[in-house]
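I opened this notebook to keep track of what I looked up, one topic at a time. Each entry says what I looked for and then what I found.

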Amino acid sequence: MTETLFNKLKEVVGCNLPASEAQIRAANLKLKQDGLPPLPEEFAALLKCANGFSNDDVRIFGAELKNSSYFDDLFTYNHSLFHGKPANWLVLGRDDYYFLIYIPSIQAYQLVDQDTLQPEMSTETLETPLLSILRI
Amino acid sequence: MAYTHDITGMNAAQGAHLSAEKNAELLKRIQDLKRQNTVLHQGSVPNTKSGDEIYQEILDSCNKFVSTPTDDTENKLAKVLEENNLVLHSYVYDKTSQDKRDVARMAFNGYVDRPPEFKLSPIMREMKNYPQKRMQTKPEDYDLSASSVWNVFKQVPEFAATEEKIKKGLALYGIPPEKLPELQCKDFCFILNDQYRSSGKDSAKVFQEGYKARFTKQFIAEYENEFRQGLMSMKGIRKDYVESLISSMKRGITDMSKSPYWKPEWSNQPVVDVHHILNIKDASVREAEGKSFASINSYENMCFIVRHPQHNAMHALEQDLNNNYHEDIFYNREIDKKYIYRIQPPEGVKCMLGFNTFIYDRQKLGIEKSMQQQQKREKPLSEWRNRRAEGPKHFRGNQAFSRNGYDRNAF
């Protein structure tokens, strides 16, 4: 499933190198220390195909990215957004208007308006909101 | 989100907040560039701070100014910016409507996203979801001038050209013509997206190319040599990356991660972004000058800039501590005016590759295209040599050179 999605993505968007198990573990540890939810499994599996995606002004964050100007680090972004305080959702990516988020309590991926946090789309799986925010 | 700070005694005068010393330094720099006949400025004094440290210093000064707006914090911010060749500007605040912002952004990108259903107007939602309620209308039944939203769209020539397609879309959904004034910007986006999108895609390419791609092509055609030279002087830069980037820019593309030639080693190479010198959010400033809001996407109002830390620093005043974007509005009771503050590159800069590396606008400096001219010179000169080699029939001696140098019309 993840591989099919990745194959679809790699044709049209910028893909980083795959994330290692160690990078995923390190990101989860940091998220836990900040009181943030861990990476959802489906998303973590996708990062193992490519550790971050880019399509012009759209960014899907990667795990434990250092010195990358093309791909943004997920923990750094969430840490800055929540100011190091606990939260019950996680931002996985963004464009100019929307956040792609994951809410573990309802096990849902959502596209939410950045100003109002009103959801535009809510799904159990990653594919639909991911393709939508990446404009595919 | 908008934050209003009620203040008195601030420097809130409209325009650039630049000290006399800095002004003189910038003027001298321009004179030096003119003398050297180049538009590339590379600061000779090495900056002791890293780009990240400068960015953090700017961010801290912005946060201090926004949380405690006084003459002191404003002057300190202006000084930190000056030291790093950036300029603090303030404008009388006049909110740009969301419709104008959205239309300008779509024109910049060249595509129209499919809006979510909850953002459509009640009439559009009804006609979309209940085909039985649709009226039997023809495209010619619609007079778009009745819509205030269309009057915003049509200020962008490329959108104005979509008038017939929009009328066709309105007829397709059977929108009652008398309901046109009730349609919102997102309804027009929905119709445009519907008319132009290819199957299976959320975005519709309405223009051949957006203003961003157009600017990119024009910039690289004008400044290829200086851009290459400026990038190549950066620490850790890779030649293969620079050449691929320039080649992509000639096709209007700046995001190299999408390139078929993308190499993972490039992930730490500098990303260049197109930046609006006067922010899209401040298009009303243009309108106050008697121009259309759509001129925010003009060639003159755009420049290239390295994404981090320079581009992020440029937007540091619009970011709060949580990295959210917002607008800070300052109210000066003494003169009863609202102001906004923005960070901009120095006047006449077309590309900012570092806090001390710029490419200036050739036209504004009145400097000719030296490198390109040289290339042009080489061609006829070699032709002249070839002709000479061919024999006396084609040999024209020194006629090709005037007293003042090369005479392009000699051949």
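**Conventions.** I noted that this is a predicted model, in which local features need pLDDT of at least 70 and side-chain atom pairs count only at pLDDT 80 or more, while totals for chains, interfaces and linings use all residues. Residues are numbered from 1 along each chain as its sequence is written, and chains are lettered from A and ligands numbered from 1 in the order in which they are written.

**Chain B as a whole.** I looked up the elements and found 15 helices and 14 strands in chain B; helices (H or I, at least four residues) and strands (E, at least two) are DSSP runs, numbered from the N terminus. Of the 411 residues in chain B, 35% are buried. Here a residue is buried if 20 or more other C-beta atoms lie within 10 Å of its own, exposed if 12 or fewer, and partly exposed in between, with C-beta atoms placed from the backbone. I then took the contacts in chain B with a separation of 6 or more, and 75% of them are between residues 24 or more positions apart; two residues are in contact if their C-beta atoms, placed from the backbone, lie within 7 Å.

**Strand S8 of chain B.** I asked myself how many of the residues of strand S8 (residues 302–306) of chain B are buried. The count is five of five, with B:Met302, B:Phe304 and B:Val306 on one side of the strand and B:Cys303 and B:Ile305 on the other. S8(B) pairs with strand S7 (residues 272–276) of chain B in the antiparallel sense over five bridges, and it runs parallel to strand S11 (residues 349–354) of chain B, joined by two bridges. Two strands pair if DSSP finds at least two bridges between them. I followed B:Ile305 in both directions: B:Asp273 stands opposite B:Ile305, and in S11(B) the bridge partner of B:Ile305 is B:Met352.

**Helix H1 of chain B.** Helix H1 (residues 20–36) of chain B has 17 residues and spans 24 Å from its first C-alpha to its last, close to the expected 24 Å; the expected span is 1.5 Å times one less than the number of residues. I found H1(B) hardly covered, with one buried residue among its 17. After H1(B) comes B:Asn37, whose phi is positive, near 55°.

**Two helix pairs.** Two packed helices are described by the angle between their axes and the distance between the axes. Axes are lines fitted to C-alpha atoms, for helices over the stretch in contact, and angles run from 0 to 180 degrees between N-to-C directions. Helix H8 (residues 163–172) and helix H9 (residues 185–196) of chain B have axes that come within 9 Å and cross at roughly 100°, and they are therefore roughly perpendicular to each other. Angles under 35 degrees count as roughly parallel, over 145 as roughly antiparallel, 65 to 115 as roughly perpendicular and the rest as oblique. Among the residues of H10(B) that meet H11(B) are B:Ile220 and B:Phe227, and in H11(B) the partners are B:Val242, B:Ile246 and B:Met249.

**Two single residues.** B:Ser244 is in helix H11 of chain B, and I asked why B:Ser244 is partly exposed. The reason is that B:Ser244 has 19 other C-beta atoms within 10 Å. B:Tyr130 lies in the loop between helix H5 (122–129) and helix H6 (148–153) of chain B, and it counts as exposed because it has 10 C-beta neighbours inside 10 Å.

**The sheet of chain A.** In chain A I found an open sheet of seven strands in the order S1-S2-S3-S4-S5-S6-S7, with antiparallel pairing. Its edge strands are S1 (14–15) and S7 (119–123), each of which pairs on one side only.

**Where the chains meet.** The contact takes 20 residues from chain B and 19 residues from chain A.
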